[in-house]
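Colleague: Could you take me through this model and tell me what stands behind the terms you use for it?
Modeller: Gladly, here it is.

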Amino acid sequence: MRDAESARALFATIAALSYEMVALAYLDPDRRLLGMRHALPGDEAAAEVPVRLILRDALGMDAASVVMAHNHPGGDPTPSTADRAVTRRVARALGMVDITLMDHIVLAAQGSFSFRAMGLL
């Protein structure tokens with residue numbers, strides 16, 4: 001996974017869901033996919049981001065980095081204040097064990113948003 005476009009393609013299946021879903025990709029040091037997890041779905045407005053589960057999976061797969069994605073069923077990919085806060089929280093938690101949050105992609109009918117591309121990671 002070399003860029004935001006390849007991440008968007010990997011997570012494209014959650015873009016059209018009618019409820020929020022968080023998906024995670026765990027990568028090795030060469031950015032090859034080790035595994036994925038789809039977190040429990042939320043409702044149309046929010047999904048739970050299980051930081052403890054993310055850390056457990058990342059450590060269990062010996063991941064060097066993680067890409068997180070979630071969808072906005074309402075159509076607008078602009079991240080909410082809560083999206084920004086959870087991104088900081090996940091990045092900080094992963095960083096404590098030397099794992100990088102490579103990107104957080106928000107997918108929606110009107111496009112997508114990459115935290116990395118916007119300089120927020």
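Colleague: Which residues of H2 are exposed?
Modeller: Arg-52, Arg-56 and Gly-60 are. The label takes over 50% relative accessible area, so these three pass that mark in this predicted model.

Colleague: And which residues of H2 (residues 51-60) are buried?
Modeller: Val-51, Ile-54, Asp-57 and Ala-58 are buried, so each has under 20% relative accessible area.

Colleague: How do you know that they are on the same side of H2?
Modeller: They cover an arc of only 130° around the axis, and that puts them on the same side of H2. Arg-52, Arg-56 and Gly-60 are on the other side.

Colleague: What do the buried residues of H2 pack against?
Modeller: Strands S1 (22-27), S2 (33-38) and S3 (65-71), as well as helix H3 (81-95). Contact here means heavy atoms within 4.5 Å.

Colleague: What makes S1 and S2 a pair?
Modeller: Pairing takes at least two bridges. S1 and S2 are joined by 5 and run antiparallel, so they qualify. One of the partners is Gly-35 in S2, which is bridged to Tyr-26. The two strands form a hairpin with 5 residues between them, and Arg-31 in the turn has a positive phi of about 65°.

Colleague: How many bridges join S1 to S3?
Modeller: There are 6, and these strands run antiparallel too. Leu-24 has Met-68 in S3 as its bridge partner.

Colleague: Why is S4 described as largely enclosed?
Modeller: 8 of the 9 residues of S4 (residues 100-108) are buried, so the rest of the structure largely encloses this strand.

Colleague: Which way do S3 and S4 run, parallel or antiparallel?
Modeller: Parallel, with 7 bridges joining them; Val-67, for instance, is partnered by Asp-103 in S4.

Colleague: What makes the unit of S3, H3 and S4 right-handed?
Modeller: With the strands pointing away from the viewer, a right-handed path over the helix runs clockwise. S3, H3 and S4 make a right-handed β-α-β unit, so their path runs that way.

Conventions: Residues numbered from 1 in each chain as written. Predicted model: local features only at pLDDT ≥ 70, side-chain atom pairs only at ≥ 80, totals over all residues. Heavy atoms only, no water. Buried < 20%, exposed > 50% of the residue type's maximum accessible area, 1.4 Å probe, protein only. Helix = DSSP H or I, 4+ residues; strand = E, 2+ residues; numbered from the N terminus. Arc of directions from axis to C-beta.
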